Amino acid sequence: MNRIRKLAEELLKQYGEKFTDNFEENKKVLNEIAEIKSKYLRNKVAGYITRIVARSKVVEKVEQ
């Protein structure tokens, strides 16, 4: 899990504006910006990114 977390955080730093809270869209974005040959790894990273983005949106709504 540590590898997935590191990869997701690096991708969010570089391409954060491209990711959304939609898992399917995030998989497509990953296919465009990163060369991840393993479908399992791509889905894990996309899922982790989706969760992070969704949580950040919830926090933004609560702070408003």
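Reader: Hello! At 44% relative accessibility, how does Glu24 count?
Author: Welcome! This is a predicted model, in which local features need pLDDT of at least 70 and side-chain atom pairs count only at pLDDT 80 or more, while totals for chains, interfaces and linings use all residues. Residues are numbered from 1 along each chain as its sequence is written, and side-chain values use heavy atoms, with hydrogens and water left out. Buried means under 20% relative accessible area and exposed over 50%, with partly exposed in between (1.4 Å probe, protein chains only). Because its relative accessibility is 44%, Glu24 counts as partly exposed.

Reader: Which residue meets the side chain of Glu24 in a salt bridge?
Author: Glu24 is found in helix α2; helices are DSSP runs (H or I, at least four residues), numbered from the N terminus. A salt bridge needs a side-chain nitrogen of Lys or Arg within 4 Å of a carboxyl oxygen of Asp or Glu. Here the N to O distance is 3.5 Å, and the partner is Lys27.

Reader: How many residues apart are Lys27 and Glu24, and what separation in helical turns does that give?
Author: An α-helix has 3.6 residues a turn, so residues three or four places apart point the same way. Lys27 and Glu24 are three residues apart in helix α2, so they are separated by about one helical turn.

Reader: Which residues of helix α2 are buried, and within what arc do they fall?
Author: Helix α2 spans residues 23-33, and its buried residues are Asn26, Lys27, Val29 and Leu30. They line one face of the helix, because their arc, seen down the axis of α2, is 165°. That arc is taken from the directions from the helix axis to the C-beta atoms. On the face turned away from this buried side, α2 carries the exposed residues Lys28 and Glu32. To return to your question, the buried set is Asn26, Lys27, Val29 and Leu30, and the arc is 165°.

Reader: How far apart in sequence are the parts that Asp21 and Lys57 tie together?
Author: The structure holds two salt bridges, and one of them joins Asp21 to Lys57, with the closest N and O atoms 3.6 Å apart. Asp21 lies in the loop between α1 (2-15) and α2, and Lys57 in helix α3, so the distance in sequence that the pair spans is 36 residues.

Reader: Which helix gives the largest share of the positive patch?
Author: A patch takes residues with over 30% relative accessible area and no salt bridge, joining like charges within 9 Å and nonpolar side chains (Val, Leu, Ile, Met, Phe, Trp, Tyr) within 5 Å. The positive patch here is formed by Arg5, Lys44, Arg51 and Arg55. Arg51, one of these, is partly exposed at 37% relative accessibility. Three residues of the patch come from residues 39-63, which is helix α3.

Reader: How far apart in space are Ala8 and Thr50?
Author: Ala8 sits in helix α1 and is buried, at 0% relative accessibility. Ala8 and Thr50 are 42 residues apart in sequence, while their C-alpha to C-alpha distance is 9.8 Å.

Key:
Areas by Shrake-Rupley, 256 points an atom, 1.4 Å probe, with all protein chains shown as cover. Lys, Arg positive; Asp, Glu negative; His and termini not counted. Charge placed at Lys NZ, Arg CZ, Asp CG, Glu CD. Helix = DSSP H or I, 4+ residues; strand = E, 2+ residues; numbered from the N terminus.
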